[in-house]
Amino acid sequence: MEHKHEVGLYIGRFQPFHKGHLSVVLEALDHCDKLIIAIGSAQESGTEKNPFAFELRKELIRRSLWGRGNRCIIIGINDRTEVKDDEGWGEYLIKEVERQTGLTPTINFEGHEEVRSHWFDTVDIERCELSRKVIPISATAVREALLKDDFNAFADMVHTGLWRFFGRLQKDLLEVKENERKISS
């Protein structure tokens, strides 16, 4: 198949990576030769919003792509702590992608999310909205299954290559919850 774009971009926090994310990646690969998967908030872990560390998230993505990832490059993007709003976020992302990979994406794949819709307004990049409702799973639901010790629900929402991570992910989440409990008391 000939692809319209040489390099695509897909950014998310992937807390954790699930079948919905995987479906977006596979559809994006139909449109580009290489896909840069940028893990946002790469510097953060151990918080309720970002419980899992960058290296673990990267490994989960790699395992989910099992044999299909040779066209994917996985990188981490740190949040900009010096800026309080999203102004310039798209430019920052593209510069970070170029700095880390030497590649310039010409298309950005995104779900329908109002919060991200304006990030690339000032960047010369095509935007492709892919439906996240094809596989309606959220990372929040995956984390809830982990906290409820519901392996079956977890297994339904993630690639089989991640099933062995159930205990590790659950342990990390429970540590976050315990730390939050200690802080609030």
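This report describes the fold, the cores and some individual residues of a predicted model.

**Overall architecture**

The protein has six helices and five strands. Along the sequence these elements follow the pattern β-α-β-α-β-α-β-β-α-α-α. Of the 185 residues, 48% are buried. Among contacts with a separation of 6 or more, 68% are between residues 24 or more positions apart. The accessible surface of the protein comes to about 10,000 Å², and carbon and sulfur atoms account for 49% of that area.

The five strands form an open sheet in the order 3-2-1-4-5, with parallel pairing. Strand 3 and strand 5 (126–129) are the edge strands, each of which pairs on one side only. On average, neighbouring strands of this sheet are turned by 25 degrees against each other, direction ignored. Strand 1 (residues 5–12) pairs with strand 4 in the parallel sense over three bridges. Within this part of the sheet, L9 stands opposite N108 in strand 4.

Helix 1 packs on the sheet, where it touches strand 1, strand 2, strand 3 and strand 4. The direction of helix 1 makes about 150 degrees with that of strand 2. Helix 2 lies across strand 2 and strand 3, and runs at about 150 degrees to strand 2.

**Helix 2**

Helix 2 covers residues 54–65, which is 12 residues. From its first C-alpha to its last it reaches 17 Å, close to the 16 Å expected at 1.5 Å a residue. Its buried residues are F54, L56, R57, L60, I61, R63, S64 and L65. In an α-helix, residues three or four places apart point the same way, because there are 3.6 residues a turn. The buried residues of helix 2 pack against helix 1 (19–29), strand 2 (32–40), strand 3 (72–77) and helix 6 (166–184).

S64 belongs to helix 2. Its relative accessible area is 1%, so S64 counts as buried. Beyond residues up to four places away in sequence, S64 touches F17, L22, H159 and L162. Just after helix 2, G67 takes a positive phi of about 85 degrees.

**Nonpolar cores**

The largest nonpolar core has 37 residues, and those with the most contacts inside it are V25, L35, I37 and F109. At least two residues of this core come from each of helix 1, strand 2, helix 2, strand 3, strand 4 (107–110), helix 4 (139–147), helix 5 (151–157) and helix 6. Apart from this core lies another, of 16 residues, among them I11, A38, I77 and F120.

For L35, the contacts not counting residues up to four places away in sequence are G8, L9, Y10, V25, A28, L29, R71, C72, I73 and F109.

**Loops and backbone features**

The loop between strand 1 and helix 1 holds F14 and P16. A cis peptide bond joins Q15 and P16, with omega of about 0 degrees. F14 is not a glycine, yet it has a positive phi of about 55 degrees. D149, in the loop between helix 4 and helix 5, is another residue other than glycine with a positive phi, near 60 degrees.

Q170 is found in helix 6. Leaving aside neighbours within four places in sequence, Q170 is in contact with L146 and D149. G167 also lies in helix 6. The C-alpha atoms of G167 and L146 are separated by 8.4 Å, and these residues are 21 residues apart along the chain.

The table lists relative accessibility for the individual residues discussed above.

| Residue | Relative accessibility | Class |
|---|---|---|
| S64 | 1% | buried |
| Q170 | 15% | buried |
| G167 | 40% | partly exposed |

Q170 is buried because its relative accessible area of 15% is under 20%. G167, at 40%, falls between the cut-offs of 20% and 50% and therefore counts as partly exposed.

Note on methods
Residues numbered from 1 in each chain as written. Predicted model: local features only at pLDDT ≥ 70, side-chain atom pairs only at ≥ 80, totals over all residues. Heavy atoms only, no water. Helix = DSSP H or I, 4+ residues; strand = E, 2+ residues; numbered from the N terminus. Expected span 1.5 Å × (residues − 1). Buried < 20%, exposed > 50% of the residue type's maximum accessible area, 1.4 Å probe, protein only. Contact = heavy atoms within 4.5 Å. Core = buried A, V, L, I, M, F, W, Y, C linked by side-chain atoms within 4.5 Å. Pairing = 2+ DSSP bridges. Axes fitted to C-alpha atoms, helices over the stretch in contact; angles between N-to-C directions. Areas by Shrake-Rupley, 256 points an atom, 1.4 Å probe, with all protein chains shown as cover.
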